[in-house]
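My notes follow the structure.

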Amino acid sequence: MNIQKFDIAICGAGPAGSTCALALAKSGLKVALIDKSTFPRDKICGDALAPYMGQVLGTIDPKLKELYSSFEQKEAVNTLRIFAPNTKALDLSFPIQGAICSRMDFDNFLFEQATKYPNIYPLLGQSVKDVEATSEHVNITLGDQTKLQAQLIIGCDGTQGIVSKKLTDNKVDLHHHSAAVRAYYSNVTDIQPGSFELHYFKGLVPGYFWIFPLPGNKANVGFGMLSETTSERKVNLREKMQELIESVPSIKDRFKDAERLTPVKGFGLPLGSRKITISGERFMLCGDAASLIDPLTGEGIGQAVISGRYAGWHAIKCFEQQDFSAEAMLPYRKMVYDKLWKANSVRYRVQRLITRFPWLINSITNLGVHSKLVRKLVAKLV
Ligand SMILES: Cc1cc2nc3c(=O)[nH]c(=O)nc-3n(C[C@H](O)[C@H](O)[C@H](O)COP(=O)(O)OP(=O)(O)OC[C@H]3O[C@@H](n4cnc5c(N)ncnc54)[C@H](O)[C@@H]3O)c2cc1C
């Protein structure tokens, strides 16, 4: 049987997978970058990119940071407007600009950068169907029955990815999971320049409705909630988002002349408020596959990029030492949780607190409107 051999197989070429490939680009290792989609491809998301994105990419290659900052398809933002249930707005300014960029463009940008290198072999439109890790190597079967063999597999295949399913006992836990829907609109009015918005409503906290501006007078509009709350209260997210747009006075006027450009689509968010198995013999998991999303804001692209970078760097060490045992993978787990766990734990506590006492958002907003210090503290938190 014809088996294609690689040093490393990366399953999934989203932000985690492409960044992992970038971290391996100059290693000389032969890397398969496998994705079931072809690029450019869409991903259901709010499209908000963290302010530190350029800096993280710069640690892989300073040229990447430059390319990212000159990448034009993104809308720069530096103010988060939080609308409390009492409709008061709190403007939180950030010293470094973040950005809103459609995933079609951002993910394709990373993918194109990664696949410029001759040792990164893109295998697109190919779904990984089976993964088996032995003490000798990893066997991978694609949808068309193509067989691959690698020393190491890196699971960057998102929520409920096949690598985690086949190589760990990780299970979805609705207590640490959110679900959200989004659609693209044009002509939403009254978006303040440089601002992106979160709207909280009575009875829906800690869920929120968002309006994130995109270039060309477009906006990413969405609504998300904790999965346990959604299922307890039997909330249909699509219907709820439509209801908010049509019935909330402060929102409906802004959508009077708006046009919905895409269907409302939903997807799951595995939250980083619990630790799961993210490494083992011959494998590491990154991004959503490793359940790393910020439990308060739903932000996961930055976490995907950070963990993808660590996995790439750590894989190089494993090859230097020719050690792919579960113990040899543990420093990767440590790096990821040392970097992300503290912040995720604090945000999880805040998420629980506002779930129990939703009126806190009104109180903090009322205080923050008058106090620079409160605004600074809240900005630091989110
Ligand atoms: C509605 C919504 C809004 C969000 N908003 C934001 C936001 O504004 N900002 C933010 O930072 N985060 C946001 N997130 C979270 C963010 O989308 C994820 O954290 C991020 O996409 C994780 O990147 P990833 O590379 O780990 O996974 P993904 O982006 O999901 O990439 C996984 C890749 O793996 C491929 N794949 C999957 N299975 C296989 C297989 N078997 N074989 C081959 N390929 C496979 C997929 O095709 C995909 O390309 C949001 C999420 C949702 C659902």
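These entries cover the ligand shell, then the rings.

**Ligand shell.** I am working from a predicted model. I looked up what surrounds the ligand and found 37 residues. The closest are D35, G46, R103, V128 and D288. By type, I noted 17 nonpolar, 11 polar and 9 charged residues in the shell.

Next I went to the elements. At least two shell residues come from each of α1 (15-24), β14 (208-214), β17 (265-270) and α9 (301-321). β17 gives the most, with 3 residues.

Where does the ligand lie relative to domain 1 and domain 2? Both domains give residues to the shell, so the ligand lies between them.

I checked the distances. The side chain of D35 places an N or O atom 2.6 Å from a ligand oxygen. For the side chain of R41, the distance to a ligand oxygen is 2.9 Å. A ligand nitrogen sits 2.9 Å from a polar backbone atom of G300. The protein covers 94% of the 1,000 Å² of accessible area that the ligand has on its own.

**Aromatic pairs.** I counted 15 aromatic pairs. Y68 and F106 pair edge-to-face, at 6.2 Å centre to centre and 80° between the planes. Y68 is in α3 (residues 62-69) and F106 in α4 (residues 103-114), 38 residues apart. Y68 is buried at 8% relative accessible area, and F106 is buried at 0%.

Y68 also pairs with F109: the centres are 6.4 Å apart and the planes at 50°, so I logged this pair as tilted. Here too α3 is linked to α4, with Y68 and F109 41 residues apart. Both Y68 and F109 are buried.

Last, I noted a cluster: ring pairs link F196, Y200, Y208, W210 and F212.

Conventions: Residues numbered from 1 in each chain as written. Predicted model: local features only at pLDDT ≥ 70, side-chain atom pairs only at ≥ 80, totals over all residues. Heavy atoms only, no water. Near = heavy atom within 4 Å. Polar contact = N/O pair within 3.5 Å; in protein donor to acceptor, adjacent residues only side chain to side chain. Areas by Shrake-Rupley, 256 points an atom, 1.4 Å probe, with all protein chains shown as cover. Helix = DSSP H or I, 4+ residues; strand = E, 2+ residues; numbered from the N terminus. Nonpolar A, V, L, I, M, F, W, Y, C, P; charged D, E, K, R; others polar. Domains from an automatic or database assignment. Phe/Tyr/Trp six-rings, centres within 6.5 Å; stacked < 30°, edge-to-face > 60°. Buried < 20%, exposed > 50% of the residue type's maximum accessible area, 1.4 Å probe, protein only.
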